[in-house]
Amino acid sequence: MLTGLHRLTSGKKEMESKRARLDRFISVNTGINRKHVRLMLAKGRVRVDGELARDIDQVVDEFSHICLDDKVLQANEASYVMLHKPVGVVSATIDDKHRTVIDLLEQDDKESLHIVGRLDLNTSGLLLLTNDGRWSKRLMDPEHKVGKLYRVHLQNPLTPDYISGFAQGMYFEFEDITTLPAELEIIDSYTALVTLYEGRYHQIKRMFGRFRNPVIGLHRISVGNIVLDNNLKPGESRVLTPKEIAL
Ligand code: URA
């Protein structure tokens with residue numbers, strides 16, 4: 001049942017950010033040796049984000065705009081997208097059976113985006129995608145305590161002891177971890193709001209599984225302060241506003 005647990009680490013590589021020292025970046029991208037690159041820097045031939053760059057220790061990342069004389073060495077734009085993921089679409093970039101979330105996007109640079117916190121095939125709601133590895137890492141790192149809010153529909157009635165069960169955390173034998181305290185609010189007998197501060201494989205389904213209560217509907221409402229836009233129908237997406245990115 002838990003075979004997909006092995007996918008837990010699969011997104012890690014794509015989330016690493018690409019930071020490098022400026023002299024190294026130029027050397028790798030032009031084939032010019034580093035000694036020569038340093039001379040070029042000293043002569044004021046390099047610009048980073050429009051500013052003269054003379055410091056060899058300056059660190060650049062994948063979104064730094066870098067020019068050597070009139071030649072643009074790098075000009076990547078950061079992209080941030082929210083998608084209303086429908087049920088039945090897979091949170092992956094390639095899949096031979098199902099439509100993927102990337103198939104739903106209209107952005108020209110969609111192939112360069114990675115998913116920030118996957119949702120299961122039968123989960124709907126807010127899915128964030130970006131090409132900015134540092135941004136996604138901050139959102140997903142449990143240390144930053146970014147809450148992910150879900151609306152959950154259950155097969156059997158809820159009872160108040162669910163609240164303490166979620167708050168105490170649950171031991172997951174496969175990963176040998178205890179889940180972080182999670183918040184559960186009972187909305188009505190069959191509906192709860194759950195806030196998680198991490199993203200374990202099938203976490204909500206497994207947690208309700210401890211109460212032998214199958215999840216029959218799961219929808220993500222928000223990630224931190226970024227809330228799914230009510231105007232987006234399932235399958236629709238839009239770019240994030242600068243305010244949402246900063247949140
Ligand atoms: N927990 C689950 O079980 N599935 C999801 O898609 C998200 C959280």
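In this predicted model, the buried residues of helix 3 pack against helix 2 (22–30), strand 2 (46–48) and strand 5 (66–68). Helix 3 spans residues 34–42, and its buried residues are V37, M40 and L41. These residues lie on the same side of helix 3 because they cover an arc of only 100 degrees around the axis. K35, L39 and A42, on the other side of helix 3, are exposed. Here, buried means under 20% relative accessible area and exposed means over 50%.

Both ends of helix 3 have a local feature to look at. At the start of helix 3, a side-chain oxygen of N33 comes to within 3.2 Å of the backbone nitrogen of K35. Just after helix 3, G44 has a positive phi of about 75 degrees.

The second topic is the ligand. Around the ligand are L119, D120, T123, Y150, H202, Q203, I204, K205 and L218. By class, this shell divides into 4 nonpolar, 3 polar and 2 charged residues. Helix 7 (residues 203–209) supplies the largest share of the shell, 3 residues.

| Residue | Atom of the residue | Distance to a ligand oxygen atom |
|---|---|---|
| H202 | polar backbone atom | 3.3 Å |
| Q203 | backbone N or O atom | 3.5 Å |
| K205 | backbone N or O atom | 3.1 Å |

On its own, the ligand has 240 Å² of accessible area, and the protein covers 96% of that area.

Key
Residues are numbered from 1 along each chain as its sequence is written. This is a predicted model: local features need pLDDT of at least 70, side-chain atom pairs count only at pLDDT 80 or more; totals for chains, interfaces and linings use all residues. Side-chain values use heavy atoms; hydrogens and water are left out. Buried means under 20% relative accessible area, exposed over 50%, partly exposed in between (1.4 Å probe, protein chains only). Helices (H or I, at least four residues) and strands (E, at least two) are DSSP runs, numbered from the N terminus. The arc is that of the directions from the helix axis to the C-beta atoms. Contact means heavy atoms within 4.5 Å. A polar contact is a pair of N or O atoms within 3.5 Å; within protein, one must be able to donate a hydrogen and the other to accept it, and residues adjacent in sequence count only if both atoms are side-chain atoms. A residue is near a molecule or strand if one of its heavy atoms lies within 4 Å of it. Accessible areas come from the Shrake-Rupley method with a 1.4 Å probe; for residues, only the protein chains shown count as cover. Ala, Val, Leu, Ile, Met, Phe, Trp, Tyr, Cys and Pro count as nonpolar, Asp, Glu, Lys and Arg as charged, and the others, Gly among them, as polar.
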